[in-house]
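I opened this model to look up its strands, its nonpolar cores and its charged pairs. My notes follow in the order I looked.

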Amino acid sequence: KEEEVISINKNNKTLWEVNLDKISLFDGFSSDYMVFYGGTEARKGLINGNAEDQIKILQYNGKIIGETKLEEKVNHLDTHEETIVLYSPRTIYLLNKRGEIEMIYKYSSDIEEIFVFPKGHLVIVTKGKVSFMQVGQV
């Protein structure tokens, strides 16, 4: 299912399960937690209807340790240690692992991709340009 996260053991026994709204993005490269982004598909054109996009951060034991909602659709997410970066075409969001928004940064070009590196360094890729940005560690 695309609305549920399930952990099973080697004998295919379910250890835990967490219901989530329509998962569209996932990052599980942290050794401490997984990040899920999803929501309803209630968007119409440039105007957001009753869309409720949400981010949930889960530990590997199934416990939700953080969550938040955003008012716009996110294109991608990346993590490094305790820093979570999500971005829309022109906005960068920095979150901590509790799901609290630490920074919102409006960007002047359409963002194609962002990579997170240690010590708050971001690489921002736009059409024909690569930029580097350092933000305080979350």
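Which order do the four strands of the open sheet take, and is the pairing parallel or antiparallel? I am working on a predicted model. I read the strand order as 3-4-7-8, with antiparallel pairing. Strand 3 (23-27) and strand 8 (64-70) stand at the edges; each has a single partner strand, so one side of each is left without a neighbour in the sheet. I noted an average twist of 15° from one strand to the next.

**Entry: strands 4 and 7.** I looked up the pairing of strand 4 (residues 33-38) with strand 7 (residues 53-59) and found six bridges in the antiparallel sense. One pair I wrote down is G38, whose bridge partner in strand 7 is Q54. As background, strands of a sheet pair through backbone hydrogen bonds, either parallel or antiparallel.

**Entry: the hairpin of strands 1 and 2.** I then went to strand 1 (residues 4-8) and strand 2 (residues 14-19), which run antiparallel and are joined by five bridges. I6 has E17 as its bridge partner in strand 2. Five residues lie between the strands of this hairpin, and N12 takes a positive phi near 60°.

**Entry: nonpolar cores.** Which residues of the largest nonpolar core touch the most other members? I found V35, Y37, I55, I84 and L86, out of 13 residues in that core. At least two residues of this core come from each of strand 4, strand 7, strand 10 (83-87) and strand 11 (91-95). Strand 4 gives the largest share, three residues.

I looked up I55 by itself. With its neighbours within four places in sequence left aside, I55 is in contact with V35, F36, Y37, G66, E67, T68, L70, L86 and L95. Another core, of twelve residues, lies apart from the largest one, and I92, I114, V116 and V135 are among its members. The general expectation I keep beside this entry is that in soluble globular proteins, nonpolar side chains tend to be buried together.

**Entry: salt bridges.** How many salt bridges does the structure hold? I listed three.

The side chains of K56 and E67 meet at 3.9 Å, N to O. K56 lies in strand 7 and E67 in strand 8, so this pair ties together parts that are eleven residues apart in sequence.

The side chains of D110 and R90 form another salt bridge, at 2.8 Å, N to O. I placed D110 in the loop between strand 12 (101-106) and strand 13 (111-117), and R90 in the loop between strand 10 and strand 11; the pair links distant parts of the chain, 20 residues apart. D110 is partly exposed, with a relative accessible area of 44%. R90 is also listed as partly exposed, with a relative accessible area of 39%.

R98 forms a salt bridge with E100, and the closest N and O atoms are 3.1 Å apart. E100 is partly exposed, with a relative accessible area of 39%.

How values were computed:
Residues are numbered from 1 along each chain as its sequence is written. This is a predicted model: local features need pLDDT of at least 70, side-chain atom pairs count only at pLDDT 80 or more; totals for chains, interfaces and linings use all residues. Side-chain values use heavy atoms; hydrogens and water are left out. Two strands pair if DSSP finds at least two bridges between them. Axes are lines fitted to C-alpha atoms, for helices over the stretch in contact, and angles run from 0 to 180 degrees between N-to-C directions. A nonpolar core is a set of buried Ala, Val, Leu, Ile, Met, Phe, Trp, Tyr and Cys residues joined through side-chain atoms within 4.5 Å. Buried means under 20% relative accessible area, exposed over 50%, partly exposed in between (1.4 Å probe, protein chains only). Contact means heavy atoms within 4.5 Å. A salt bridge is a side-chain nitrogen of Lys or Arg within 4 Å of a carboxyl oxygen of Asp or Glu.
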